[in-house]
Amino acid sequence: MTANRWLGLATLTVLFASSAMAQAQAQAPSPVGRWTTIDDETKKPKSVIAIYEEGGKLFGKIEKTFPEPNEEQNPVCKKCEGALKDKPIIGMVIMRDLKKDDDEWSGGTILDPSNGKTYKVKISVEDGGKKLKVRGYIGLSLIGRTQHWVRAE
């Protein structure tokens with residue numbers, strides 16, 4: 001084989017590999033959809049969060065909760081402050097303003113209705129789109145808590 005043929009073959013190989021990588025990245029699973037949160041202690045489903053995109057940013061709204069029979073069936077955010085104080089948790093937007101940053105979404109906030117506190121948050125899709133890694137933190141990402149949500153059916 002001549003040098004020109006080798007060069008041509010090598011160029012085609014690089015172009016094909018680059019195209020395949022770009023296509024794989026373009027098809028990376030999206031965090032948009034419905035996710036079931038899991039209670040850290042009981043390991044039971046806690047809620048369903050609908051994540052949606054608006055204006056290039058992600059938001060998350062509580063769509064459903066799974067209260068125990070002895071718990072409030074239509075809970076309100078008793079510990080929230082301001083406009084969210086004593087508002088129904090179902091329908092509440094708890095995640096706001098996340099922007100795409102490579103293979104994760106970050107720069108936004110998440111509200112924990114159980115304590116009324118708001119944290120910085122970053123999320124990333126894992127396990128081929130079946131799990132969502134949610135990292136809530138104060139200040140640096142090192143100081144925080146990670147949960148894994150599962151894609152809702």
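The legends below describe close-up views of a predicted model.

Residues are numbered from 1 along each chain as its sequence is written, and side-chain values use heavy atoms, with hydrogens and water left out. Because the model is predicted, local features need pLDDT of at least 70 and side-chain atom pairs count only at pLDDT 80 or more, whereas totals for chains, interfaces and linings use all residues.

**View 1. Overall arrangement of the protein chain.** The secondary structure comes to one helix and eight strands, where helices (H or I, at least four residues) and strands (E, at least two) are DSSP runs numbered from the N terminus. Read along the sequence, these elements follow the pattern α-β-β-β-β-β-β-β-β. Of the 153 residues in the protein chain, 30% are buried; buried means under 20% relative accessible area, exposed over 50%, and partly exposed in between, with a 1.4 Å probe and protein chains only. The accessible surface comes to about 10200 Å², of which 56% belongs to carbon and sulfur atoms, the areas coming from the Shrake-Rupley method with a 1.4 Å probe and, for residues, only the protein chains shown counting as cover. Among contacts (heavy atoms within 4.5 Å) between residues at least 6 apart in sequence, 36% join residues at least 24 apart.

**View 2. Strand β1 and its two pairing partners.** Strand β1 (residues 33–38) pairs with strand β2 (residues 45–54) in the antiparallel sense over six bridges, two strands being counted as paired if DSSP finds at least two bridges between them. Within this pairing, threonine 36 stands opposite valine 48 in β2. The two strands form a hairpin with six residues between them, and lysine 43 in the turn has a positive phi of about 65°. Strand β1 also pairs with β8 in the antiparallel sense, over two bridges, and there tryptophan 35 has arginine 151 of β8 as its bridge partner.

View 3. The structure holds four salt bridges, each defined as a side-chain nitrogen of Lys or Arg within 4 Å of a carboxyl oxygen of Asp or Glu. In one of them, aspartate 40 is joined to arginine 145, with the closest N and O atoms 3.3 Å apart. This pair links distant parts of the chain, since aspartate 40 is in the loop between β1 and β2 while arginine 145 is in strand β8, 105 residues apart. Aspartate 40 is partly exposed, with a relative accessible area of 36%, and arginine 145 also counts as partly exposed, at 46% relative accessibility. Lysine 44 forms a salt bridge with glutamate 68, their closest N and O atoms being 3.6 Å apart. Here too the pair links distant parts of the chain, with lysine 44 in the loop between β1 and β2 and glutamate 68 in the loop between β3 and β4, 24 residues apart. Between aspartate 39 and lysine 46, another salt bridge has its closest N and O atoms 4.0 Å apart, and lysine 46 counts as partly exposed because its relative accessibility is 44%.

View 4. Strands β3 and β4 run antiparallel and are joined by three bridges, with lysine 61 standing opposite valine 93 in β4. Five bridges join β4 to β5, which also run antiparallel, and lysine 100 has tryptophan 105 as its bridge partner in β5. The hairpin of β4 and β5 has two residues between the strands, and aspartate 102 takes a positive phi near 60°. Aspartate 97 lies in strand β4 (residues 93–101) and is classed as partly exposed because its relative accessible area is 31%. Leaving aside residues up to four places away in sequence, aspartate 97 touches Lys57, Leu58, Phe59, Ser106, Gly107 and Gly108.

**View 5. The largest nonpolar core.** This core has 21 residues, and those with the most contacts inside it are Ile51, Met95, Ile110, Ile123 and Trp149; a nonpolar core is a set of buried Ala, Val, Leu, Ile, Met, Phe, Trp, Tyr and Cys residues joined through side-chain atoms within 4.5 Å. The elements that give two or more residues to the core are β2, β3 (57–65), β4, β5 (104–112), β6 (117–126) and β7. Methionine 95 touches, among others, Ile51, Ile110, Ile123 and Trp149, not counting residues up to four places away in sequence.
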